[in-house]
Amino acid sequence: MVGSVDVENETYIIDQTNKENNGKVIHVSYKLSDIKESNKSTSISMDDIDGETTSLQTTVSSSDTLTTSSTTYTIDFLPAYGPDFNNLFSEPETEISSMVNEINDDAYSAAGVTLEITSYKQFSDILQGTTSEILHFFEDEIPEYRDITNSDLAFLFYGKNFEDDTIGRADSYNGDDSQAHGVAQMIANPFGCYSADYQDRCLLTAHETGHNFGCEHDEAYQWTTPNLNHYTTMWSPFSDNTSEYMELEFSSDDNHGDEDHDNLGIIIQNKDVVASYR
């Protein structure tokens, strides 16, 4: 079991380790507020979107959102990983499945979207590289498997550090089914501002797949409660400052957002196109 539980104003994380005891996976649980603030850099680039950055998105009205969010679209989703990710978790595919379920429940369900895993692709080897190099590698290598599994989106869970100061990258939606890939780093970055715990990994995966639906950074939303700044999922850069907390949700014009900050509306607008890629 991996996931998070909210009790009143406290979030508790249940996370899987790569250790076993008598053949059973060891888990840890901790309060999110117990994570210590790093004394290193407190921010890192979430991504730079790749490919055609002029998307087909337009401003979405509240009436459009209300009439289309109730229709749920299933997006066939192909996760991939290499030996490094496999070495991080005793049950790597269970870990991916748990993250996808968390993202569906907390981020995509409000848009009427479900990412449904079609299969898993395990690469025998993935070289070290920058986010751009690894994304281009993935775009070259995954099409055959994406066709075989009829997957709309494909995503690489990268078990190494990228060689640039970025922890993820994704294709930006433009209505073309070639813009359907993303990569994200699944281990802590050396600058200390991305711990790659369960919550961080869910946030980063949702952030990068959000680009596949047309979401952009400047449509993310920030709000403040006593002693804490909150950000929606598409905010960039990533930060581990203890006075800041990124929520696993997309901005919305009727909840944590407005007409200029409505990532959810963009997902709703584009989800039928993404669902018809394959």
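The legends below describe close-up views of a predicted model.

**Figure 1. Overall composition of the predicted protein model.**
The protein contains 7 helices and 14 strands. Of its 278 residues, 50% are buried. When contacts between residues at least 6 apart in sequence are considered, 72% of them join residues at least 24 apart. The protein exposes about 12200 Å², and 44% of this area is supplied by carbon and sulfur atoms.

**Figure 2. Helix 3, residues 92-108.**
Helix 3 comprises 17 residues, which at 1.5 Å a residue should span 24 Å. The C-alpha atoms at its ends lie 22 Å apart, in agreement with that expectation. The buried residues of this helix include Glu-95, Ile-96, Met-99, Val-100, Ile-103 and Asn-104. Pro-92, Ser-98, Glu-102, Ala-107 and Tyr-108 are also buried. An α-helix has 3.6 residues a turn, so residues three or four places apart point the same way.

**Figure 3. The largest cavity and its lining.**
A search of the whole structure locates 1 cavity of 30 Å³ or more. The largest cavity holds about 50 Å³ of space. Rolling a probe the size of a water molecule over the atoms shows where empty space is left. The lining consists of Gly-82, Pro-83, Asp-84, Phe-85, Ile-126, Leu-156, Phe-157, Tyr-158, Gly-159 and Lys-160. By class, these residues divide into 6 nonpolar, 2 polar and 2 charged. Helix 2 (83-88) and strand 8 (153-158) each contribute at least two residues to the lining.

**Figure 4. The cis peptide bond from Ser-236 to Pro-237.**
The peptide bond from Ser-236 to Pro-237 is cis, and its omega is near 10°. Pro-237 is placed in the loop between strand 12 (228-231) and strand 13 (238-239). Most residues other than glycine have a negative phi, and most peptide bonds are trans.

**Figure 5. Positive phi values at Ala-196 and Asn-227.**
Ala-196, a residue other than glycine, has a positive phi, near 60°. Ala-196 occupies the loop between strand 10 (181-185) and helix 6 (198-212). With a relative accessible area of 9%, Ala-196 falls under the 20% cut-off and is therefore buried. Asn-227 likewise has a positive phi, near 70°, and is found in the loop between strand 11 (222-225) and strand 12. The relative accessibility of Asn-227 is 77%, over the 50% cut-off, so this residue counts as exposed.

Tyr-198 belongs to helix 6. Its relative accessible area is 0%, and Tyr-198 is therefore buried.

Setting aside residues up to four places away in sequence, Glu-139 touches Asp-171 and His-181. Between Glu-139 and Gly-182, 43 residues apart in sequence, the C-alpha to C-alpha distance is 8.8 Å.

Conventions. Residues are numbered from 1 along each chain as its sequence is written. This is a predicted model: local features need pLDDT of at least 70, side-chain atom pairs count only at pLDDT 80 or more; totals for chains, interfaces and linings use all residues. Side-chain values use heavy atoms; hydrogens and water are left out. Helices (H or I, at least four residues) and strands (E, at least two) are DSSP runs, numbered from the N terminus. The expected span of a helix is 1.5 Å times one less than its number of residues. Buried means under 20% relative accessible area, exposed over 50%, partly exposed in between (1.4 Å probe, protein chains only). On a 1 Å grid over the protein atoms alone, a cavity is a set of points where a 1.4 Å probe fits but cannot get out, and a pocket is an open set with protein on both sides within 12 Å along at least five of seven lines; lining residues have an atom within 4 Å of a point. Grid points are joined across faces, edges and corners, and a volume is the space filled by probe spheres set on the points. Ala, Val, Leu, Ile, Met, Phe, Trp, Tyr, Cys and Pro count as nonpolar, Asp, Glu, Lys and Arg as charged, and the others, Gly among them, as polar. Contact means heavy atoms within 4.5 Å. Accessible areas come from the Shrake-Rupley method with a 1.4 Å probe; for residues, only the protein chains shown count as cover.
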